[in-house]
Amino acid sequence: MGMAASIEHKSEGESEEKLEYASTCMIPTSFIKLKLVKKKSTSHNTRLFTFSTGKTPLNLPTCACILVRGFDAEGKEAIRPYTPVTQGKKTFDLLIKVYENGVVSQYLDKLKIKDLVEFKHIPFNIKIQYPFNKKTITMLCGGTGISPMWQALDKLLTTKGDTTEVVMLFGNRGMEDILMKKELKKAEKKSKGRFKCHHILSSAAKEPIKGYSGLVGRIDKEKIEKLAFPPSADTMVFVCGVPAMYDSLCGPRNEKELPKDSALAELGYTEDMVFKF
């Protein structure tokens with residue numbers, strides 16, 4: 001899958017040319033333009049963007065992401081990775097939080113329906129691949145870190161014959177920041193006990209939130225020890241969130257090693273049991 005294939009492909013608004021592909025994904029290793037066909041708000045600062053793939057499905061493997069190129073007001077480019085939360089026969093959806101100083105998220109938020117956006121998919125975008133061949137998986141995520149987790153979870157729960165059990169610790173600031181809340185609740189119900197999601201709200205540690213009786217604070221060593229599957233050769237821990245979350249739980253995202261003073265290492269997890277998205 002890591003080897004690029006050469007295929008004839010025609011993207012939205014472009015002539016046919018020879019392109020290289022990093023995986024089964026229809027998006028090549030060089031930028032092509034795809035059309036925005038739908039946009040809706042899912043929270044006060046989060047949007048769901050739907051893009052057309054023409055006559056071909058996205059066919060992005062699990063787990064993998066794609067790169068989006070955007071521009072600031074002066075025309076300076078920025079490139080960011082995003083993981084689709086759904087893939088249809090002719091479309092895919094990106095769930096994106098719009099940050100005040102986020103070049104790409106601001107660029108996307110200002111787009112109009114039918115505008116074209118540049119995408120590419122390179123070998124580095126291909127992460128741990130399904131099937132994961134583990135009996136249990138613990139997902140530790142915060143905010144938009146839910147996207148790659150959902151991609152993996154959906155594959156695990158919808159693949160016939162898969163019996164993997166999954167527990168998720170999902171950290172957010174407040175109730176209004178929880179992304180895909182309805183989808184997670186539905187997945188939990190349909191899983192028949194295979195999937196459990198624990199919400200953790202940091203703002204609730206300072207002041208009680210009306211209607212919320214879940215966990216408070218942040219994802220930490222104590223919560224992982226109590227709720228996650230214990231270390232073993234048959235388990236994996238997936239981590240995705242902000243840099244501070246990686247630092248405390250498993251060390252920097254771009255380093256495979258687990259620092260001895262990280263929460264997961266202190267609990268007995270080893271490098272081969274942890275994957276950092």
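Asn133 sits in the loop between β9 and β10. I start there, but some ground rules come before the rest. This is a predicted model, in which local features need pLDDT of at least 70 and side-chain atom pairs count only at pLDDT 80 or more, while totals for chains, interfaces and linings use all residues. Residues are numbered from 1 along each chain as its sequence is written, and side-chain values use heavy atoms, with hydrogens and water left out. Helices (H or I, at least four residues) and strands (E, at least two) are DSSP runs, numbered from the N terminus.

Asn133 has a positive phi of about 55°, although it is not a glycine. Most residues other than glycine have a negative phi, and most peptide bonds are trans. Is Asn133 buried or exposed? Asn133 is exposed, at 66% relative accessible area; buried means under 20%, exposed over 50% and partly exposed in between, with a 1.4 Å probe and protein chains only. Pro131 lies in the loop between β9 (116-120) and β10, and the bond joining Tyr130 and Pro131 is cis, with omega about 5°.

Met180, in the loop between β11 and α3, also has a positive phi of about 55° without being a glycine. Met180 is buried, with a relative accessible area of 10%.

Next, strand β10, residues 136-142. Seven of its seven residues are buried, so β10 is largely enclosed by the rest of the structure. On one side are Thr136, Thr138, Leu140 and Gly142, and on the other Ile137, Met139 and Cys141. β10 pairs with β11 (residues 165-172) in the parallel sense over seven bridges; two strands pair if DSSP finds at least two bridges between them. Thr138 stands opposite Val167 in β11.

There is also an open sheet of seven strands, in the order β6-β5-β9-β3-β4-β8-β7, with antiparallel pairing. β6 (77-82) and β7 (86-87) are at the edges with a single partner strand each, so one side of each has no neighbour in the sheet.

Last, the helices. The axes of α2 (residues 146-158) and α3 (residues 181-190) come within 12 Å and cross at roughly 25°. Axes are lines fitted to C-alpha atoms, for helices over the stretch in contact, and angles run from 0 to 180 degrees between N-to-C directions. The two helices are therefore roughly parallel, a label for angles under 35 degrees; over 145 is roughly antiparallel, 65 to 115 roughly perpendicular and the rest oblique.
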